[in-house]
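I opened my notebook to record what I looked up in this structure.

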Amino acid sequence: MSVEDAATSGDGTPDDHGTLYVVGIGPGLPDHMTKRAKEVIESSEVVIASSLYQEFLRDDGTIPSEERTDEDGIATREDGFEQEIVRSTMGRQIELARAAFDYVREGKDVAHVSGGDPSVYGKSDLIFKMADEEDATDVPIEIVPGMTAALGGAANVGAPLCNDFCTISLSDKWRGWDEIEEKLRAAAISDFVIVLYNCWRNYEKAVEIVREERTDDARVAIVNDAGRADAGRNGESQFITTLGEAADHDDKVSGMGTSLIIGNHETETWSNDDRTYLVTPRGGRDVDDF
């Protein structure tokens, strides 16, 4: 049956279609996942997720355990509800987008799981590009937001993002290094607090570029696996240093789960008996200014 022949809802979507949800689960552990994200994943007939995110979701009980999943990936909850669990990998993103459209046209709800927020260096842009490529305008798409590493990492080190900030990915897979360098320099000159993603690539080069426009005593936080406790690839940690010394601490930069938060000229430290935090004032530096 063609889309034109199918009965449609008020917005033009065929009534026999499901919905494709692109779901951000934050760092992946239940305490940092929204209620909406959990409900969508639990109620979807198909869940597309990487092995790591499947592990998180099983530990939480959001999807059935491996013991309740057969060799074809069909998982059965105790109430009898069945879900098809599909493993996602970087090399299968286009294939899985096409498969998701087909599942939705079969009437199934699909939860396509992304770590962090799906629109912050996540999967949502690919879904829309593929929908355009595949003429999938009949497929309802909903983005379910999640907590991104900038927010989780900032919370771990205090209040560094209380004024204007930006995020920059250091991955040169889709953007050339010249473009990344231009953004780094512009952000540094503009005095944004800068959050660097994908620090497993080029982080020392990025730090040196920012140093050209910002003083060496600017505060920097190196954050790993924010919100994942011991469940991440290398364990949750945070380390505060300065811009002048940040590149000397490559032992603290553990991989894809690492973010750097580079403070601006107002970012300062605040300490109690337990630890040191970073704080960027929202505006006035005195309480009376608020």
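My entries on helices, cores, a sheet and a few loop residues follow.

**Entry 1: the model.** I noted that this is a predicted model. I kept that in mind for every entry below.

**Entry 2: helix H6.** I started with helix H6, which runs over residues 177-189. I read off 13 residues and a reach of 18 Å from the first C-alpha to the last. That is close to the 18 Å expected at 1.5 Å a residue.

Which residues of H6 are buried? I listed Trp-177, Ile-180, Leu-184, Ala-187 and Ala-188. These residues cover an arc of only 100 degrees around the axis, so they lie on the same side of H6. I then turned to the face away from the buried side. It carries the exposed residues Asp-178, Glu-182 and Ile-189.

What do the buried residues of H6 pack against? I found strand E8 (165-169), E9 and H7. Just after H6, I marked Asp-191, with a positive phi of about 70 degrees.

**Entry 3: the largest nonpolar core.** I looked up the largest nonpolar core and found 24 residues in it. Which members touch the most other members? They are Ile-168, Leu-170, Leu-184, Ile-194, Leu-196 and Leu-260. Leu-184 was already on my list of buried residues in H6.

I also asked which elements supply at least two residues each. My list reads E8, H6, E9, H7, strand E10 (219-224), helix H8 (243-246) and strand E12 (258-262).

I followed up on Leu-170. Leaving out residues up to four places away in sequence, I found that Leu-170 touches several residues, including Trp-177, Ile-180, Leu-184 and Leu-196. Tyr-197, Cys-199, Tyr-203 and Ala-206 are also among its contacts.

**Entry 4: helix H4.** I checked helix H4 (124-133) in the same way. Its buried residues include Ser-124, Ile-127, Met-130 and Ala-131. They cover an arc of only 125 degrees around the axis, which puts them on the same side of H4. The face turned away from that side carries the exposed residues Lys-129, Asp-132 and Glu-133.

Which elements do the buried residues of H4 pack against? I noted strand E1 (20-24), helix H3 (93-105), strand E5 (110-114) and E6.

Entry 5: H4 is followed by Asp-135. Its phi is near 55 degrees, a positive value in a residue other than glycine. I placed Asp-135 in the loop between helix H4 and strand E6 (141-144). Is Asp-135 buried or exposed? Asp-135 is exposed, because its relative accessible area is 56% and exposed means over 50%.

I found another case in Asn-202, where phi is near 65 degrees. Asn-202 sits in the loop between strand E9 (193-197) and helix H7 (203-211).

**Entry 6: a sheet.** I ended with an open sheet of 3 strands. What is the strand order? I read E7-E14-E13, with mixed pairing. The edge strands are E7 (158-159) and E13 (268-271), and each pairs on one side only. E7 and strand E14 (residues 276-279) pair in the parallel sense over 2 bridges. I looked up Ala-159 and found its bridge partner in E14, Val-279.

Note on methods: Residues are numbered from 1 along each chain as its sequence is written. This is a predicted model: local features need pLDDT of at least 70, side-chain atom pairs count only at pLDDT 80 or more; totals for chains, interfaces and linings use all residues. Side-chain values use heavy atoms; hydrogens and water are left out. Two strands pair if DSSP finds at least two bridges between them. Helices (H or I, at least four residues) and strands (E, at least two) are DSSP runs, numbered from the N terminus. Buried means under 20% relative accessible area, exposed over 50%, partly exposed in between (1.4 Å probe, protein chains only). The expected span of a helix is 1.5 Å times one less than its number of residues. The arc is that of the directions from the helix axis to the C-beta atoms. Contact means heavy atoms within 4.5 Å. A nonpolar core is a set of buried Ala, Val, Leu, Ile, Met, Phe, Trp, Tyr and Cys residues joined through side-chain atoms within 4.5 Å.
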